[in-house]
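Let's take a friendly walk through this fold together. Please have the model open as you read.

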Amino acid sequence: MRPIAILQHESTQGPGVLRDHLDENDIPYRLISPASDGKAPVDASKFSGIVVLGSDHCVNETLPWIEDERTLLQDAIRRDVPVLGHCFGAQMLARAMGAKVSRNICPNIGWSQIWITPEAQQIMGLPRQATIFNWHYDTFEIPVGAIRTMYGSHCLNKGFHRGRHWAFQGHLEVTKESIRNWCAAGRAELLRAHGPAVQSETQILKELHDRIEALHTIADQTYRAWSCQLDRPALVALSSASSCA
């Protein structure tokens with residue numbers, strides 16, 4: 001099986017529980033660091049899937065590695081190689097599909113409730129409502145041919161899918177440790193940020209164990225549903241058929 005490409009841009013925004021899911025299901029992956037390397041692969045045929053994680057950068061910046069990523073995702077779309085975008089990655093996928101990415105009406109930092117559309121409930125096996133973790137300033141339009149999967153009070157477009165390509169304007173992958181590290185690294189940013197959808201470090205870390213446990217349930221279901229779409233060799237597909245039923 002070809003590996004999944006995981007594009008990680010920040011040390012505080014790693015694959016977290018997604019990596020756990022891939023390891024537990026013997027799905028190979030390759031970690032790639034476009035922001036530090038200054039480049040990204042552009043040929044999607046080398047991978048069985050592509051995951052794009054968050055970033056402190058904006059997708060509209062004219063940086064060579066961002067353009068490489070857009071080229072990679074456009075190639076994945078042409079070849080129907082499944083893409084999974086988290087936050088910045090969701091915006092990159094939207095942009096690769098020709099949709100506009102711009103500033104949201106307000107920053108969205110911390111925990112917030114989102115609503116999941118009936119189609120997404122069926123495809124992804126998710127409940128009608130969930131609480132997810134956010135840290136973003138921008139938002140995307142729903143691309144042509146895509147369907148909204150999630151929406152929120154302070155950011156309308158929290159997710160979409162088009163075929164095997166899924167985008168989430170939030171972070172399903174986070175762990176207790178990664179959120180604590182993120183808050184520590186972004187302490188000055190949290191003090192500067194203001195708005196109805198911005199939480200303080202104290203608010204973010206409150207009841208962290210229970211919030212993470214609930215989020216992991218959502219993440220596990222989502223990652224299982226997405227990874228079941230991957231093209232696998234026949235023997236691997238047969239061995240994993242029960243987990244994807």
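## About the model

This is a predicted model, in which local features need pLDDT of at least 70, side-chain atom pairs count only at pLDDT 80 or more, and totals for chains, interfaces and linings use all residues. Numbering starts from 1 along each chain as its sequence is written, and side-chain values use heavy atoms, with hydrogens and water left out.

## The sheet

Nine strands form an open sheet with mixed pairing, in the order β2-β1-β3-β4-β9-β8-β7-β5-β6. At its edges sit β2 (29-32) and β6 (129-140), each pairing on one side only. Neighbouring strands are turned by 20° against each other on average, direction ignored. Here strands (E, at least two residues) and helices (H or I, at least four residues) are DSSP runs numbered from the N terminus, and two strands pair if DSSP finds at least two bridges between them.

Strand β5 (residues 101-116) runs antiparallel to β6, with 11 bridges joining the pair. One place to look is Ile114, whose bridge partner in β6 is Ala130.

## Helices on the sheet and beside each other

Helix α3 (residues 64-79) packs on the sheet, where it touches β1, β3, β4, β8 (159-162) and β9 (165-168). Its direction makes about 145° with that of β3. Contact means heavy atoms within 4.5 Å; axes are lines fitted to C-alpha atoms, for helices over the stretch in contact, and angles run from 0 to 180 degrees between N-to-C directions.

Elsewhere, α6 (residues 176-185) and α9 (residues 208-227) pack at about 120°, their axes 10 Å apart. The two helices are therefore oblique to each other (under 35 degrees is roughly parallel, over 145 roughly antiparallel, 65 to 115 roughly perpendicular, and the rest oblique). Lys176, Ile179 and Arg180 of α6 meet Leu208, His209 and Ile212 of α9.

## The pockets

The largest pocket has a volume of about 240 Å³, the space filled by probe spheres set on grid points joined across faces, edges and corners. A pocket is an open set of points on a 1 Å grid over the protein atoms alone where a 1.4 Å probe fits, with protein on both sides within 12 Å along at least five of seven lines; lining residues have an atom within 4 Å of a point. Of its 17 lining residues, Ser55, Asp56, His57, His136 and Tyr137 lie nearest the centre. Edge strand β6 gives the most to this lining, with four residues.

The second largest pocket holds about 180 Å³ of space. Its lining has 14 residues, with Gly14, Pro15, Gly16, Thr175 and Ser178 nearest the centre. Helix α6 gives the most here, with three residues.
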